[in-house]
Amino acid sequence: MPRNRRAVIIGGSMSGLFAAAFLRRIGWDVDVFERSPVELVGRGAGITTHPELMEALENSGAGTADLGIEVPKRFAIDRGGKIIGERPLRQILTSWDRLQRLLRETIDPAHYHLGHTFAGVDQDGSKVRVNFAEGRAEAADLLVGGDGIRSSVRAHIAPDVQPIYAGYYIWRGAPNEADLQPETLRRIFPYFVFFLPERQQVIGYPISGFNNDLRPGHRRYNFIWYRVGDTQKLKQMCVDENGHQHAYSVPPPLIRKDLIAQMRAEAEDIMPEVFLDCLRNIAQPFFTPIYDFSAPSLVYGRVALVGDAGSSSRPHMGFGVAKAGGDAQALADALASHDDIDKALARYDAVRQPIGERIMLHGRKLGTHLGVNLKTEEDRRMWQLLQDEGAMMDWIAVPNFLAA
Ligand SMILES: Cc1cc2nc3c(=O)[nH]c(=O)nc-3n(C[C@H](O)[C@H](O)[C@H](O)COP(=O)(O)OP(=O)(O)OC[C@H]3O[C@@H](n4cnc5c(N)ncnc54)[C@H](O)[C@@H]3O)c2cc1C
């Protein structure tokens, strides 16, 4: 009997778990190595779903049970809370935690290794030898880098490929449904809602509560506030409560209290009461700077990049996890249809690299709404178009944008 082929997968989040599920389905042996010493929970918050994500969840065996909350429509409100535009759009909103749980259940715990940090890889043309900071080494036919936007696998094989700061960041959090005022619950809670002051976006939608609790009264409302800020401002924001300078973002408990107080004060000046109510009930708001990039190749010898490690877009489409699933499925499809692993990897790269790049460029297009770095005539045309809240509702986080 020929020996099973084996992949070592770095990153135990969305793309790593998708890759493990799809590769196992085509008969590969897989092991996932995640640097976090503890189970991944409570990351980020809301995730918009797309048909491509549903398909990947079904095809990977994770399924879509109790995936999230369906909203019937989206609308935009003004400062007074009045609806100024509306679109019917049924969408299921889920959470990072729910997806992680569903995907985590597809893998035998014996093949999911916490507390393993990728340190390097050696290749000899047909094999990889992967080294971990903790001292372990693993041999395999393929190394899959599913270790996110700051991928250390990518840093090892393509160090010049670096994420680019978009010039804006978001404040986020998810207040508990039970803490919100009746008016907020009635007016915005069941819906996908936009508030769009100049060069800002506030977006909200319902998601499940702790432990995927979908019961009314136990859910949360995902709150996102886009703000413009140059690299200098971002650098200042990345100085934490103890005066320590962070490179990219600050762990939520360490975000400076004066920064949060200032943010809350600025919100009081511009936001409708329903969104202020959300913000007041977020005990620990945190910020995420927005970056994007697309690697010119997803394959370097016997190393393949999937998910955010290969390309990452600004989150205006809410498509990152769908893309992670699509990458993993395409990788497995290519390996299933070519005996020659290198030919399969070339095929994977040819199919998915252009898609990742298209998604990234689409995110930049939608990002023009914030009016940062408008370089071309097309940027300015798009910026102009997106000053209209109807256009924003037609473009932001909508399904099937890739087909358009
Ligand atoms: C504000 C915001 C909103 C978003 N909204 C949506 C949305 O609505 N819908 C959507 O689909 N997507 C959304 N996304 C994108 C989505 O979160 C990402 O695309 C997705 O998490 C990518 O998954 P990943 O597994 O590739 O990377 P990650 O989720 O970043 O996981 C990478 C994993 O690799 C591990 N790792 C890193 N380095 C090492 C190492 N050296 N050794 C071992 N392990 C390592 C990390 O600990 C981590 O667990 C959003 C993103 C942001 C920032």
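In helix 2 (residues 51-60), L53, A56, L57 and S60 are buried, meaning under 20% relative accessible area with a 1.4 Å probe and protein chains only. Looking down the axis of helix 2, you would find these buried residues within an arc of 100°, so they line one face of the helix; the arc is taken from the directions from the helix axis to the C-beta atoms. Helices here are DSSP runs of H or I with at least four residues, and strands are runs of E with at least two, numbered from the N terminus.

This is a predicted model, where local features need pLDDT of at least 70, side-chain atom pairs count only at pLDDT 80 or more, and totals for chains, interfaces and linings use all residues. Residues are numbered from 1 along each chain, and side-chain values use heavy atoms, without hydrogens or water.

What do the buried residues of helix 2 pack against? Their partners, with contact meaning heavy atoms within 4.5 Å, are listed here:

| Partner of helix 2 | Residues |
|---|---|
| Helix 1 | 14-25 |
| Strand 3 | 46-48 |
| Helix 3 | 96-104 |
| Helix 9 | 320-337 |

Now for the cavity. A search of the whole structure turns up 1 cavity of 30 Å³ or more; on a 1 Å grid, a cavity is a set of points where a 1.4 Å probe fits but cannot get out, and lining residues have an atom within 4 Å of a point. The largest cavity has a volume of about 70 Å³. Among its lining residues are Y169, W171 and E266. Helix 7 (257-270) is one of the elements that supply at least two lining residues, and its 4 residues are the largest share.

Methods. 1 Å grid on protein atoms, 1.4 Å probe; cavity = no way out; pocket = protein on both sides within 12 Å on 5 of 7 lines; lining within 4 Å. Points joined across faces, edges and corners; volume = space filled by probe spheres on them. Buried < 20%, exposed > 50% of the residue type's maximum accessible area, 1.4 Å probe, protein only.
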